[in-house]
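Please examine the sequence and the three-dimensional model shown below.

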Amino acid sequence: AISNNSIRINNQLTEMIEDIKLLGILHEKEIEEHLKLRETVQSLNKLSNLAINRLVRELSSAIIKDFNTQFQELETDKIIHKTIEVYGRFINYMHLSSQKKLWNEVLMFALFYYVKSLLNSAGKKIQNLVEITNKIKYDKENIGYIFERFLGPNSTKEQLRVLEDILDFLE
């Protein structure tokens with residue numbers, strides 16, 4: 001709700017300023033001076049981002065425990081589907097730009113715990129490096145396929161670069 005309200009207020013301010021300009025009540029410099037539009041918009045954007053970050057953190061407890069397993073036993077498909085189910089309940093209530101921000105945060109969150117599981121398992125003897133790299137490649141493709149629907153290919157690819165870096169390191 002906070003994120004959506006921030007967008008609505010921003011849109012209403014923009015419309016109001018356009019009306020003021022059309023009517024010739026104030027000049028652009030006077031509008032900026034009195035309304036401090038840039039600062040207001042930046043504050044609204046920060047508020048929106050904080051609300052999304054908090055939503056991701058609050059709902060993450062339902063998913064974090066699924067990452068607390070040996071990397072080789074990590075059921076990434078199940079975790080991603082559960083993640084989509086948990087966060088998907090809120091998407092219909094969000095503005096399109098807020099939806100994209102949310103999915104971006106969710107993907108960052110999931111990748112953080114995915115890599116954390118890999119690193120925690122690295123302290124133990126890894127039996128087969130080929131199995132690990134194959135798992136990462138498989139998971140990367142699945143995660144990419146699913147999140148491209150929400151974020152688009154460019155944003156998803158950018159987020160998944162961390163897995164590419166890990167694969168480069170392991171190979």
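## A residue to begin with

In which helix is Ile84 found? Ile84 is found in helix H4; helices (H or I, at least four residues) and strands (E, at least two) are DSSP runs, numbered from the N terminus. Because its relative accessibility is 18%, Ile84 counts as buried. Buried means under 20% relative accessible area, exposed over 50%, and partly exposed in between, with a 1.4 Å probe and protein chains only.

Ile84 touches Trp103, Ile146, Arg149 and Phe150, not counting residues up to four places away in sequence; contact means heavy atoms within 4.5 Å. Ile84 and Trp103 are 19 residues apart in sequence, and their C-alpha atoms are 9.0 Å apart in space.

## Basis of the model

The model is predicted: local features need pLDDT of at least 70, side-chain atom pairs count only at pLDDT 80 or more, and totals for chains, interfaces and linings use all residues. Residues are numbered from 1 along each chain as its sequence is written, and side-chain values use heavy atoms, with hydrogens and water left out.

## The chain as a whole

Of its 171 residues, 35% count as buried. Among contacts between residues at least 6 apart in sequence, 74% join residues at least 24 apart.

## The nonpolar core

The largest nonpolar core has 35 residues, of which Tyr87, Ile136 and Phe147 touch the most other members. Such a core is a set of buried Ala, Val, Leu, Ile, Met, Phe, Trp, Tyr and Cys residues joined through side-chain atoms within 4.5 Å. Helices H3 (37–67), H4 (76–91), H5 (96–122), H6 (129–151) and H7 (153–170) each supply at least two residues of this core. The largest share, eleven residues, comes from H5. In soluble globular proteins, nonpolar side chains tend to be buried together.

Leaving out residues up to four places away in sequence, Ile136 touches Phe71, Tyr114, Leu118, Leu163, Ile166, Leu167 and Leu170.

## How the helices pack

H6 and H7 pack at an angle of about 175°, with their axes 9 Å apart. Therefore H6 is roughly antiparallel to H7. Axes are lines fitted to C-alpha atoms, for helices over the stretch in contact, and angles run from 0 to 180 degrees between N-to-C directions. Angles under 35 degrees count as roughly parallel, over 145 as roughly antiparallel, 65 to 115 as roughly perpendicular and the rest as oblique. The contact of H6 with H7 has twelve nonpolar, four polar and four charged residues. Here Ala, Val, Leu, Ile, Met, Phe, Trp, Tyr, Cys and Pro count as nonpolar, Asp, Glu, Lys and Arg as charged, and the others, Gly among them, as polar.

H5 and H6 pack at an angle of about 170°, with their axes 11 Å apart, so H5 is roughly antiparallel to H6. Residues in this contact include Trp103, Tyr114 and Leu118 of H5 and Ile136, Phe147 and Phe150 of H6. By class, the contact of H5 with H6 has eleven nonpolar residues, one polar and three charged.

## A second residue of H4

Ile79 also lies in helix H4, and it counts as buried because its relative accessibility is 4%. Ile79 touches Ile63, Asp66, Phe67 and Leu74, not counting residues up to four places away in sequence. Ile79 and Asp66 are 13 residues apart in sequence and 6.6 Å apart in space, C-alpha to C-alpha.
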